[in-house]
Amino acid sequence: MMKQLLEIGLLVGGWSLVALCVGSFWIPKVLKWREKLAGLTPLMRELWWTYSIYVLSSHVFFAVLALGFGDWLMSGSRAALAMCTFMLLWWSVRLWLQFFGFDFDEIEDTTANRLAKGLLTMLFLGLVSLYAGLVCWNVGRIGVAEV
Amino acid sequence: MEMVFRGAGLVLTGLVVANFFAAKRWRYAENLETVEPIVRQVFNVHCAYIVAIMAGLAMLCLGWPELLLEGRMSRVLCGFFGLFWGSRVVVQLTYYDSEMRRRNRGWDLFFLAVFLGLAVVFTLGSFV
């Protein structure tokens, strides 16, 4: 039962990450990053875009893991546990930032932006729950991992 | 290959530390004072996440290099980091301001060599 639940979670989580990666291409336009970054020095602008793209590529990799290597993420191996723990920390921090880290006051208060914020919060909550479940699975606290 | 990964782990630890010096040298905080808080926050968050990736990989390489040599998944992970560091070489050569690189030629070549070395190590790891 728990195994099936986690498998479904990986499928939903993986496709949600795909949606996040695709949606990320609209974020710079919606939030007018190009204009807002105009005041920075060229080096800072370059760093800004470089970091953003590397974070996006990490999300792509996480989506590939969830959709293509679910069996491995549930294998109970030390490597799977390490990877699930890393992703749990990653999304937990992102969830915390969503509530306490970012100052959303400057973002235009439109229905679309409110909806996007709500969806993102739900996604981060879901991913935290999923990876917490996978960590518990891999340490044998729920179900029995096949080593 | 485990020893090579441990060496890469040391290099990655150096990169993590270097990020803190870079923030001071390039005056990130001062430069970001002129932009809106959300832009500043996104920069800091992305920077922290990149450092977290490097620190996580450094821990893996130094503490459990054998995990990078076990099975299909380790090859996928190594392949990802081979691309990660390989693309960083391309970014350095094609995207970063050439005038800035010329003025800091020593560091430019040093970091290019570091990124290239890491790209080679992890790409090789993906074929072992």
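The model is a predicted one.

Chain A comes first. The C-alpha trace of chain A spans about 55 × 35 × 25 Å along its principal axes. Chain B has six helices and zero strands, and reading along its sequence gives α-α-α-α-α-α. For chain B, the C-alpha trace spans about 50 × 30 × 20 Å along the principal axes.

The next topic is the contact of the two chains. Chain A brings 38 residues to the contact, and chain B brings 37 residues. The size of an interface is often given as the accessible area lost when the parts come together. Here the area buried between chain A and chain B is about 3,700 Å², and carbon and sulfur atoms give 74% of that area. Three residues, A:Met44, A:Tyr51 and A:Tyr54, supply 19% of the area that chain A buries against chain B, which is more than any other three residues supply.

Specific pairs also cross this interface. There are two salt bridges between chain A and chain B. One of them joins B:Glu36 to A:Lys36, with the closest N and O atoms 3.3 Å apart. Polar contacts can be counted as well: 12 residue pairs are in polar contact across the interface of chain A and chain B, with both residues at pLDDT 80 or more.

Which elements give two or more residues to the side of chain A that touches chain B? They are helix 3 (33-36), helix 4 (42-68) and helix 6 (78-101) of chain A. Helix 4 of chain A provides the largest share of that side, 17 residues. By residue type, the side of chain A that touches chain B divides into 23 nonpolar, eight polar and seven charged residues.

Now to the empty spaces. Rolling a probe the size of a water molecule over the atoms shows where empty space is left. The largest pocket has a volume of about 1,300 Å³. Its lining holds 44 residues, and A:Leu20, A:Ile27, A:Leu31, A:Arg94 and A:Leu120 lie nearest the centre of the pocket. Two or more residues of this lining come from each of helix 1 (2-23), helix 2 (27-30), helix 4, helix 6 and helix 7 (111-138) of chain A, and from helix 3 of chain B. Helix 7 of chain A gives the most, with 11 residues. The lining of the largest pocket divides into 30 nonpolar, nine polar and five charged residues.

The cavity is the last stop. The count comes to one cavity of 30 Å³ or more, and the largest cavity holds about 30 Å³ of space. Its lining consists of A:Leu31, A:Trp33, A:Lys36, A:Ile107, B:Ile38, B:Val39 and B:Val42. Helix 3 of chain A and helix 3 (37-63) of chain B are the elements that give two or more residues to this lining. Helix 3 of chain B gives the most, with three residues.

This returns to the opening question. The residues lining the largest cavity are six nonpolar, no polar and one charged. A:Lys36, the partner of B:Glu36 in a salt bridge, is also among the residues that line the largest cavity.

Terms used. Residues numbered from 1 in each chain as written. Chains lettered and ligands numbered in written order. Predicted model: local features only at pLDDT ≥ 70, side-chain atom pairs only at ≥ 80, totals over all residues. Heavy atoms only, no water. Contact = heavy atoms within 4.5 Å. Buried area = accessible area lost by both parts, 1.4 Å probe. Salt bridge = Lys/Arg side-chain N within 4 Å of Asp/Glu carboxyl O. Polar contact = N/O pair within 3.5 Å; in protein donor to acceptor, adjacent residues only side chain to side chain. Helix = DSSP H or I, 4+ residues; strand = E, 2+ residues; numbered from the N terminus. Nonpolar A, V, L, I, M, F, W, Y, C, P; charged D, E, K, R; others polar. 1 Å grid on protein atoms, 1.4 Å probe; cavity = no way out; pocket = protein on both sides within 12 Å on 5 of 7 lines; lining within 4 Å. Points joined across faces, edges and corners; volume = space filled by probe spheres on them.
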